[in-house]
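Me: I am new to this structure. Could you walk me through how to read its features?

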Amino acid sequence: MNTFVFVERLLGMLAGLAIGSVALFTSLKLALAGHDRIAGVVGGTTVIALVSAFIFGNSKPETDSN
């Protein structure tokens, strides 16, 4: 594996971890402050967006090699 590709993937994972952690921490603080619905929206959309980005972001469309 190319070193640049490895570093790029590692930085992408770390960025996803940072974004997810900040969003979930914000969701926790909102829930503790009594804003349950907003906390659910922030936490839920963050998890859905990150999971879908990691699942669908790395998949490449198949091309027909005929």
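Reply: Start with the nonpolar patch: helix 1 (residues 3–32) gives the most to it, with seven residues. Helices (H or I, at least four residues) and strands (E, at least two) are DSSP runs, numbered from the N terminus. This is a predicted model: local features need pLDDT of at least 70, side-chain atom pairs count only at pLDDT 80 or more, and totals for chains, interfaces and linings use all residues. Residues are numbered from 1 along each chain as its sequence is written, and side-chain values use heavy atoms, leaving out hydrogens and water.

Me: Which residues make the nonpolar surface patch?

Reply: Nonpolar side chains (Val, Leu, Ile, Met, Phe, Trp, Tyr) are joined within 5 Å, like charges within 9 Å. Areas come from the Shrake-Rupley method with a 1.4 Å probe; for residues, only the protein chains shown count as cover. Here F6, V7, L10, L11, M13, L14, L17 and F54 form a patch of about 780 Å².

Me: Why does M13 count as partly exposed?

Reply: Buried means under 20% relative accessible area, exposed over 50%, partly exposed in between. M13, in helix 1, counts as partly exposed because its relative accessibility is 48%.

Me: How many helices and strands are in the chain?

Reply: The chain has two helices and zero strands. Of its 66 residues, 11% are buried.

Definitions and conventions
Patches are made of residues with over 30% relative accessible area and no salt bridge: like charges are joined within 9 Å, nonpolar side chains (Val, Leu, Ile, Met, Phe, Trp, Tyr) within 5 Å. A salt bridge is a side-chain nitrogen of Lys or Arg within 4 Å of a carboxyl oxygen of Asp or Glu. Buried means under 20% relative accessible area, exposed over 50%, partly exposed in between (1.4 Å probe, protein chains only).
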